[in-house]
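Please read these notes beside the sequence and the 3D view.

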Amino acid sequence: MKLPGYATAASTEGYRKRFEKGLAPEHFRQAQGLWLSSIGLGTYLGNHDAETDQLYHDAIVRALESGCNVIDSAINYRFQRSERAVGTALKELVAKGYRREEIVIATKGGFIPYDGAPPQDPRRYFEETFVKPGIAQLSDIVANCHCMTPNYILNQLDRSLQNLDVESIDIYYVHNPETQLGKIPREEFNARLLKAFEALESAVAAGKIRMYGTATWNAYRNDPAAKDYLSLAEVAAIAEKAGGKEHHFKVIQLPLNLGMTEALSLSNQELEGKKQTTLAAAQALGISVMCSASVLQGQLTRNLPAIINETFGGLNTDGQRALQFVRSTPGVTTALVGMKQAAHVDENLQTAKLPPASWEQYSKLFQS
């Protein structure tokens with residue numbers, strides 16, 4: 001039986017109160033009517049084997065028990081195995097007395113996922129899995145890896161619900177839609193995104209998801225002249241076409257870390273005739289921001305400059321300082337970090353015992 005329910009205001013507030021004595025109050029932030037932890041667990045990296053499945057399962061359980069109630073995945077992560085590990089962990093957590101309604105689950109669809117392991121014949125796998133059942137055609141695929149037609153997106157959503165073993169997903173992203181830009185004209189891209197958003201609005205109405213967004217890599221960080229650039233205001237306008245003024249396009253995900261600061265430092269978004277950063281534009285549009293690659297897949301966990309240590313005092317490791325940079329950035333809801341080791345969960349959640357750095361403290365990085 002699938003886990004019923006979805007994250008709610010009352011239950012996420014109850015989760016926050018579980019940690020009032022151990023964690024800094026500012027660790028939890030309100031976004032879209034929910035209380036979300038400022039550190040979230042990502043499930044991208046790792047081998048496609050049972051050992052890694054168990055590591056993720058254990059890490060997710062540890063994270064939820066330690067004050068992290070945001071779990072981020074995607075159907076293509078580790079050939080669907082990451083979503084399944086999230087699902088088994090959720091069942092254990094509920095058995096331990098946690099509630100589904102306390103936990104914010106996010107996942108993504110758009111890339112072609114294999115099932116458990118890479119197939120010997122990828123083309124045959126695609127034809128058997130998607131073409132013959134009428135889910136997608138070869139002509140729907142862009143860059144040999146990406147599809148966002150309504151039938152395909154809804155099929156992937158249903159598979160994610162099955163993998164996660166839940167009745168409803170809190171945040172569902174179209175995964176790196178900019179993959180299609182440069183391969184198709186922008187006018188065609190906008191039409192495809194509109195159809196994808198219409199499908200996701202129908203999924204909200206059906207109770208399968210609570211809200212949706214776009215999880216991106218380059219799109220919101222690039223120069224507007226770049227082929228794969230996305231204007232957040234234009235994407236929001238497409239969502240309004242799909243769902244009216246009360247549309248459910250509420251969240252974006254993009255990289256932000258000490259080495260990739262564009263969301264904070266680059267005024268590449270235009271809103272009401274004014275150039276601003278993606279973080280500022282999102283805030284103005286009522287869109288929450290989740291940040292991926294907080295420690296850049298481990299590259300920012302060692303050998304950071306001395307000024308980082310000076311700026312983010314009270315922390316013991318460079319990984320914690322890198323995480324503190326992201327969670328202290330104005331306009332960020334949650335800093336996502338891949339964690340498949342319980343020891344990494346323990347290390348990263350130590351950061352949650354401190355409040356985010358003040359702007360006076362934080363801004364020293366940009367004065368040096």
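1. Buried means under 20% relative accessible area, exposed means over 50%, and partly exposed lies in between, with a 1.4 Å probe and protein chains only. With a relative accessible area of 9%, Ser328 is therefore buried. The model is predicted, so local features need pLDDT of at least 70 and side-chain atom pairs count only at pLDDT 80 or more, while totals for chains, interfaces and linings use all residues. Residues are numbered from 1 along each chain as its sequence is written, and side-chain values use heavy atoms, with hydrogens and water left out.

2. Ser328 sits in the loop between helix H11 (318-327) and strand E12 (334-338). Helices (H or I, at least four residues) and strands (E, at least two) are DSSP runs, numbered from the N terminus. The side chain of Ser328 lies 2.8 Å from the backbone nitrogen of Ala357. Neighbours within four places in sequence aside, Ser328 is in contact (heavy atoms within 4.5 Å) with Pro356, Ala357 and Tyr362.

3. Tyr44 belongs to the loop between strand E3 (39-42) and H2. Is Tyr44 buried or partly exposed? Its relative accessible area is 46%, so Tyr44 is partly exposed. Not counting residues up to four places away in sequence, Tyr44 touches Tyr56, Tyr77, Arg78 and Gln297. From C-alpha to C-alpha, Tyr44 and Lys2 are 23 Å apart in space, and they are 42 residues apart in sequence.

4. Helix H2 (residues 50-66) and helix H3 (residues 81-95) have axes that come within 8 Å and cross at roughly 45 degrees. That angle makes H2 oblique to H3. Angles under 35 degrees count as roughly parallel, over 145 as roughly antiparallel, 65 to 115 as roughly perpendicular and the rest as oblique. Axes are lines fitted to C-alpha atoms, for helices over the stretch in contact, and angles run from 0 to 180 degrees between N-to-C directions. Among the H2 residues that meet H3 are Tyr56, Ile60 and Leu64. By class, this contact of H2 with H3 has nine nonpolar, three polar and four charged residues. Ala, Val, Leu, Ile, Met, Phe, Trp, Tyr, Cys and Pro count as nonpolar, Asp, Glu, Lys and Arg as charged, and the others, Gly among them, as polar.

5. Helix H6 (residues 186-205) packs against helix H7 (residues 232-243) at about 50 degrees, with the axes 8 Å apart. H6 and H7 are therefore oblique to each other. The H6 residues that meet H7 include Leu193, Leu194 and Phe197. By class, the contact of H6 with H7 has seven nonpolar, two polar and three charged residues.

Note on methods. Polar contact = N/O pair within 3.5 Å; in protein donor to acceptor, adjacent residues only side chain to side chain.
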